[in-house]
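Keep the viewer open and try each task before you read on.

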Amino acid sequence: MDITPNARTVLEKRYLIRDADGRPTETIEELFHRVADAIAAPDRTYNPDADIKALADRFYARMTKLEFLPNSPTLMNAGRPLGQLAACFVLPVEDSMEAIFEAIKQAALIHKSGGGTGFSFSRLRPKGSTVNTTGGVASGPVSFMRVFNMATEAVKQGGTRRGANMGILRVDHPDILEFIDCKKNNADITNFNISVGITEAFMRAVEADEEYDLIDPNTKESTGRLSAREVFEKIVDAAWRNGEPGIIFLDRLNRDNMVPSVGAIESTNPCGEQPLLPYEACNLGSVNLHRMLRRQEDGASVINWDKLADVVRDAVHFLDNVIDANRYPLAQIDHMTKQTRKIGLGVMGWADLLLELGIPYNSDEAVALGEKVMGFITDTARSASAGLAQVRGAFPLFEESTLKNGTPVRNATMTTIAPTGTLSIIAGCSSGVEPVFAYVFIRNVMDGTELVEANPVLRQLLEERGLYSEDLMRQIAQEGSLAHIDALPEDIRRVFVCAHDISPEYHIKMQAAFQRRTDNAVSKTVNFAHDATIADVRRVYMLAYELGCKGVTIYRDGSRDAQVLNIGKVN
Ligand code: UDP
């Protein structure tokens, strides 16, 4: 298999099966055979004569050519005793001591299996309300989040993945101000991402500069009123300080809830891309767009739409089989997940594709192409799912879903844009729909030597044009951007833009373009320079609302001591 040294390291350290002494007992090729065989097998339940071998070969080829990869839990656990294959879960948190600690236990089981969990804490009674059975005083959602956080800390995910959580609180919960500030200290509640659940009514109150009611979730009565603008400002201010809370638009999530009869969507998974009903799980997978190009005779690259369609059809088949092959950690999750059979097909390598096509990420052309590519993927996925429905039947709740008047489909949702944090390392491409963060890193190796690691698309282009040199690479690493390097021709500087060269407006425009054609949601971080102002953050939060995003997450460079990505240095 042709993979980068980093990909090899990640797979060897975290994905291969090991013996009791920690030595890998499978090769990387064997890993992909294990996954392909396990995920092809469910075809036999629908057709005893199915050619499982041929299907497994096809899945194997898609993965080892790095055209498509399923989410990490599938790579880690398929064909193994644990067998838990999904990345995303949402669990309900009801307002009783029994239910809260039941949810903590359920989350621990999910974390152990490599999945991430999302919760809405909005049903918990506010801090200070009475507890009937004891006459005591309730401690409120934020204090329980700390308990969830500690439980997560204790359960390392089989030594491979640390449990990740999303915590949501509705903006009209009486404890909202405490929630907004609960991660003010960077050392607090570190195993959670937090987002405020925003309603349309709240946004209208912000626009009209009005007050809105705080509602006790138990009594449904108002406990007081707050200025919507002041609360919005507090959210923006906290996000400017260290990136949290994000916001999610609850009414938009529920507008796309295919089965409202079953309940309301109140949370997403940890990184925000997958809204789910309580006890629903979803497995994700991503097409590597960088591999969906072909060279024309004149040497120019163009999108290979036929190949993209083929890969999408195989991916839908693969992800639908994952639902059957999965061993769910709880009976309720098994049941719920198979009622809607949601899958989340997305993309990675989007920025790389743009580089190959010579289109700057921060251009209207790129935004329009994003919408077109994602529309093509969602439409193709839907027709593939309709094809599966003819053989396997529509998802069980189809007749009571909002889709019931259309063509029957096997899956209630098709598409989701995941962050692809690890998948993109394995595939050696840019992550999700993010721009390239930095084009060159200097890696310090043990004996004091420094290795230059350049983005492969940039490196190839510079070599082709006779511009490549180590000195130039060091200069790019140091500056973090190509924008001001005079030695580079203007056409290269214009196209090879990195996350910090792109205005926050273009980050959001791109997110919105993908969102328009994605069934679920889009994982995206809007990167700000360190000196961005609170007004800049406010503008982006409003723009996300105006452009129809389902949520927004921002990060201002240097606003936390430990950040995942740094310009010019390798962690
Ligand atoms: N996730 C998790 N723990 C992690 C990373 C990810 O639970 O350490 C879950 C989480 O639900 C996240 C989802 O996996 O939203 C997808 O993340 P990503 O695409 O980065 O995962 P990959 O498949 O690339 O490992």
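**Exercise 1. A lysine and its partner**

Which residue's side chain meets that of Lys342 in a salt bridge?

*Solution.* Before starting, note that this is a predicted model, in which local features need pLDDT of at least 70 and side-chain atom pairs count only at pLDDT 80 or more, while totals for chains, interfaces and linings use all residues. Residues are numbered from 1 along each chain as its sequence is written, and side-chain values use heavy atoms, with hydrogens and water left out.

Step 1. Apply the criterion: a salt bridge is a side-chain nitrogen of Lys or Arg within 4 Å of a carboxyl oxygen of Asp or Glu. The partner is Glu280, with an N to O distance of 3.0 Å.

Step 2. Glu280 sits in the loop between β12 (275–276) and β13 (281–288), and Lys342 in the loop between α13 (331–340) and β16 (343–348). The pair links distant parts of the chain, 62 residues apart.

Step 3. Check burial, where buried means under 20% relative accessible area, exposed over 50% and partly exposed in between (1.4 Å probe, protein chains only). Glu280 counts as buried because its relative accessibility is 0%. Lys342 is also buried, at 3%.

**Exercise 2. Other salt bridges**

Find the partner of Asp181, and say whether Asp181 is buried or partly exposed.

*Solution.* Step 1. Asp181 forms a salt bridge with Arg241, and the closest N and O atoms are 3.7 Å apart. Asp181 lies in the loop between α8 (176–180) and β7 (192–198), whereas Arg241 belongs to helix α10 (residues 228–242), 60 residues apart.

Step 1. Asp181 has a relative accessible area of 22%, so it is partly exposed. Arg241 is partly exposed at 25%.

Step 2. Turn to Arg162 and Glu153, whose side chains meet in a salt bridge with 2.7 Å from N to O. Arg162 is partly exposed at 43%, and Glu153 is partly exposed at 33%.

Step 3. Widen the view: the count comes to 46 salt bridges. A network of salt bridges links Asp43, Asp320, Asp324, Arg341, Arg392 and Arg410.

**Exercise 3. Aromatic pairs**

Work out how many aromatic pairs the whole structure holds, then classify the pair of Phe68 and Phe318.

*Solution.* Step 1. Rings of Phe, Tyr and Trp (its six-membered ring) pair if their centres lie within 6.5 Å; planes under 30 degrees apart count as stacked, over 60 as edge-to-face and the rest as tilted. The search finds 13 aromatic pairs.

Step 1. Phe68 and Phe318 are 5.2 Å apart centre to centre with 70 degrees between the planes, an edge-to-face pair. Phe68 is in strand β1 (residues 68–70) and Phe318 in helix α12 (residues 305–325), 250 residues apart. Phe68 is buried at 3%, and Phe318 is buried at 1%.

Step 2. Compare Phe119 and Phe121: their ring centres are 5.8 Å apart and their planes stand at 35 degrees, so this pair is tilted. Phe119 is buried, at 0%, and Phe121 is buried, at 0%. Phe119, Phe121, Phe148 and Phe192 form one aromatic cluster.

**Exercise 4. The ligand and its shell**

Identify the residues that come nearest to the ligand, and describe two of them.

*Solution.* Step 1. A residue is near a molecule if one of its heavy atoms lies within 4 Å of it. Of the 18 residues around the ligand, Ser72, Asn269, Glu273, Thr420 and Gly421 come nearest.

Step 1. Asn269 is placed in the loop between β11 (267–268) and β12, and is buried at 3%. Its C-alpha atom is 6.5 Å from that of Gly116, although the two are 153 residues apart along the chain.

Step 2. Thr420 is in the loop between α15 (364–392) and α16 (423–427), and counts as buried at 6%.

Note on methods. Helix = DSSP H or I, 4+ residues; strand = E, 2+ residues; numbered from the N terminus.
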